[in-house]
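Here's a walk through the model, one neighbourhood at a time. Keep the viewer open and click along as you read.

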Amino acid sequence: MDLKFCISLTFFIPFSLFAQQLNIGIPIIENFPKEIYDGGTQTWDINTDNHGRILFANNQGLLSFDGKYWNINPLPNKTIVRSIEVVDDKIYVGGQNELGYFKANQNGILEYHSLKQLLAKAHQDFTDVWDIEFHDGSLFFRTNFKLFQYKNQTFKIHPSNSNFRYLGKSKNTLFVQDDQLGLLSFNGEKITEAPYSAYFKDKIVTAATQLDDAILVCTLKNGLFKITGNKVSIWDSPDFNLLKKERIYHAKQLQNGNLAIATSLNGVYLINKEGRITENISNKQGLQNNNVLFLYEDAYQNLWAGLDNGIDYIKLSSPYRLIYPDGNLQGTGYATVIHKEKLYLGTSNGLFVLDWKPQYFLGEQDDFRLIPGTQGQVWNLNIVDNQLILGHHEGSFIVDDERVNKISNIEGAWLHKKLDESLTIKGHYNGLSIDSEQNQFNFKAIEGDFQESSRFLEVDGNQVWVSHPYKGVYKIQLDTSLQNISEIRLYDTLQGLPSELFNHVFKIENEILVTGEKGIYSYDNQKDSFVINTTFSKQLGSNNQIKRLIPDKKGNIWFVKNDDVGVINVDRKGLDRTLEIETFPFFHKKLVGGFENIYPYDERNIILGSEKGFIHFTHNQQQSVEDSFHLLISEVNLIHPKERLIYKEHAQNLSETFTFETNEDAIRFNFAATHYPNLKNIKYQYKLDGIGEEWSSWTDKTEKEYNNLKHGKYTFHLRAKNQNGLIVERTGFEFEIQAPWYLSYIAYTIYIILSFVFLASIIFIPQKRFSEEKAQLKKVQAQKEQAFQAEIEETEKALIQVKNEKLQAELALKNRTLTSSAMHLVQKSGLINKLRKDLEEISKDSEIASTKKRIKKIIRQLSHDEHLDDEWENFVLHFEQVHSGFTQRINREYPNLTPKEQKLCIYLRMNFSTKEIAQMMNISVRGVEISRYRLRKKLNLDTEINLSKFMMNY
């Protein structure tokens, strides 16, 4: 696999990187696995665009990040993007057999423009474009065997003698490495050799960067070298041999002059100008993996690391660093002290120690060491008479260097304080104990009825103040011997405290203060009660829960308010003093709730206990790089009637007003700020001119929707605020929703024309009114006559309707009679058929000939019953009354029908079933079906036509 390197221009802005003297702890690292950015695994190059977005050459395309949203822009051939270079408003990229640039269209959406067609056909087939450099007005694209020089829409080809290994820029010199010729430089219009070129023939160069007046050349396996003039020398560094083993993939000179080196085996190394490794950042410190392909320093002097799998953001310039004294256990941090050139950190897993040095170098820094005998819960560390006392769950210990000596078996030692010059008091789970042997630390319980947990304790003469988490505050009066309790008094809401809950007692500048749910209160000795402290309450608010007040060596007061950390900076000028409050949003909800520990050793070293280890804070390390705080409208989408993207903020200038249809009345804005060091602490405000002029409240949400917008012109305004209070505002996004057709200019023109017509008609109306009234009288007379005639006609219609209703009733009665008659025939026919069958059975069973003869005669009489014929004639008479003309139409249109077939037609008209017809016609069901078939043929009906329905509708 080929190696690559790209030196990006650095920004020399006054900034104090590594302002602290110590580099204990590890920098905060933000991990971005590929599941977050939804791209490929490997990242080969990193850059930034003109809007502050970070750009990544990724396996799946050009990846961009604006602080909130990730976007991937693939190449047309969907291949890996290996290199990036930003020139003006174009983002040049190199991939596999592809080179070109992305540029925003008028809506800010990136579009790709290939430059490959400008190459002669003989050069259009090439390998990966590993590096891109802009030098002296030309762009250089490095492939394995060719170097493409692009200028003024034209390419010039520089072939390799064997294989191009590296392309990079340093001290305004463009370097390119050839396997056979070594490290070459581009001079004017061609690649030339230098006296030092052959030195690098057998070395793979991965970086060339400036080091004071020299050029530092990094190689993959051979370490680092200096080019001074035309001479090459090994960089005389104590850590040269260590770096030589690590396979250097990339190097970057930082804005403070130090060097960052990316390796494939052990992450990132930071090296000072003297060549000493000050820090190694690997997966042990939080990198996703140790194979680092590329490093990029942003305007905030933090490092973006492109990894073999993922992307990491290493916050080198952050004033915050993480300390895990117990390694991977990452126990909770409870206590901190620097004593006799050693740093002691108390955790839930024991007490750990580290030498306190001005500066650490790799190989010289030992890991934190657990002090034997301190395993378990550490509560506090107090220095009493220059002796370090450890408050532990299992009792009290004297700490001597890296050894401990137990001085009290009283469990749950919260803290130790000087009671007077010779005595020490101890607060523990079950009350108070005192050193009875004057600094021999032989603690015994103070005599008196007090057994409350004493985690917060302050001494004021022979009075001891103890706060209780849910009862209030105790004032414990000791006798003159300081060995016994003479009086206990509980202060609660009756003595001025706002609540019995969460009260903590502190002594600040010899004044007893109590913090609680609602501000800070001072003890008034004359009133023997607590009153609101106006000085501190003005700074911190009277309705906030104050949890801690901790003075530092300069008299500033560190505090914990609700879940935030801050400091009241005290500026003393003679007898006057001014107070200025400063908060640090980074610590929001990071400290241990109820056990907040802040140790302000000096401005460069404030150590705070957190739920996982400790946080090292350099207070005076303030960032002055604010011009890179860009505010972006990442996307604008119409969301009704269907969602579609209309804008992405890649364009340099947006002067047009977007116009939408009437029904496109819902829009969504996505926005972000490129303040990468503190993305989680960015707040936003927005407003939409056209529906209101007020800014919204500050929020951390990065999306805003507007629905059901009326037609008109709108302007969306946006601003953001970082954790330092800096506010940036973005130029408004203007858009217009068109009016509906009935409110358009054409519609208004029609309305005007119609208005003139109406006015004209009003003028002519009086002139016509008289003639119209005269004509109207005639019309009224005619109408009255017509009305009278209509009334007569209506009466006649009513009479006709009554007659029709009567006829309908008679017809219904006849129809019921006809149906009854038909059913009677059916029943009678059925009875006769049954008698005939029974007689036939009897005839069969009879052996007397005369009897059989008489039975057969009866059967013949039943078959020719004249009464049946009479009843059929009556039935037909009734049928004609109901279905007038049916039999006549049948006879007329189908004269060849037999009487039997005419009878079948009548039965079908009555909608009788086949079984009922068989009974009435005195034939079998099979006979009825045959008759129906013959009738269909005589009527000449298709098989698709239902015979019964035909007769019913005939």
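Let's begin with the largest pocket, whose lining draws at least two residues from each of these strands: S30 (333–338), S34 (378–384), S38, S42 (456–460), S46 (504–508), S50 (546–551) and S54. Strands (E, at least two residues) and helices (H or I, at least four) are DSSP runs, numbered from the N terminus. Before going further, keep in mind that this is a predicted model: local features need pLDDT of at least 70, side-chain atom pairs count only at pLDDT 80 or more, and totals for chains, interfaces and linings use all residues. Residues are numbered from 1 along each chain as its sequence is written, and side-chain values use heavy atoms, with hydrogens and water left out.

Back to the pocket. Its volume is about 1,200 Å³. Its lining has 37 residues, and the closest to the centre are Asn380, Leu381, Asn382, Lys417 and Ile550. A pocket here is an open set of points on a 1 Å grid over the protein atoms alone, where a 1.4 Å probe fits, with protein on both sides within 12 Å along at least five of seven lines; lining residues have an atom within 4 Å of a point. The volume is the space filled by probe spheres set on the points, which are joined across faces, edges and corners. Which strand gives the most to the lining of the largest pocket? That's S34, with six residues. By class, the lining has 23 nonpolar, five polar and nine charged residues. In this scheme Ala, Val, Leu, Ile, Met, Phe, Trp, Tyr, Cys and Pro are nonpolar, Asp, Glu, Lys and Arg are charged, and the others, Gly among them, are polar.

Next, look at Glu411, in the loop between strand S37 (403–408) and strand S38 (413–418). Glu411 counts as partly exposed because its relative accessibility is 47%; buried means under 20% relative accessible area, exposed over 50%, and partly exposed in between, using a 1.4 Å probe and protein chains only. Leaving aside neighbours within four places in sequence, Glu411 is in contact (heavy atoms within 4.5 Å) with His393, Glu394, Gly395, His428 and Tyr429.

Is Ser433 buried or exposed? It counts as buried, because its relative accessibility is 0%.

Ser522 in strand S48 is another serine to click on. Ser522 counts as buried because its relative accessibility is 6%, and its side chain makes a polar contact of 2.7 Å with that of Asn533. In the loop between S48 (519–524) and strand S49 (529–532) sits Asp528, where phi is near 50°, a positive value in a residue other than glycine.

Now move to strand S55 (residues 605–609), where five of five residues are buried. Asn605, Ile607 and Gly609 cover one side, with Ile606 and Leu608 on the other. S55 runs antiparallel to S54 (residues 598–602), joined by four bridges; strands pair if DSSP finds at least two bridges between them. S54 and S55 form a hairpin with two residues between them. On to strand S56 (residues 614–617): S55 pairs with S56 in the antiparallel sense, again over four bridges. Leu608 has bridge partners in both directions, Ile598 and Ile615 in S56. The S55–S56 hairpin has four residues between its strands, and Gly613 in the turn has a positive phi of about 70°.

Finally, check the peptide bond between His640 and Pro641: it is cis, with omega about 5°. Pro641 is found in the loop between strand S57 (631–640) and strand S58 (644–648).

Key
Polar contact = N/O pair within 3.5 Å; in protein donor to acceptor, adjacent residues only side chain to side chain.
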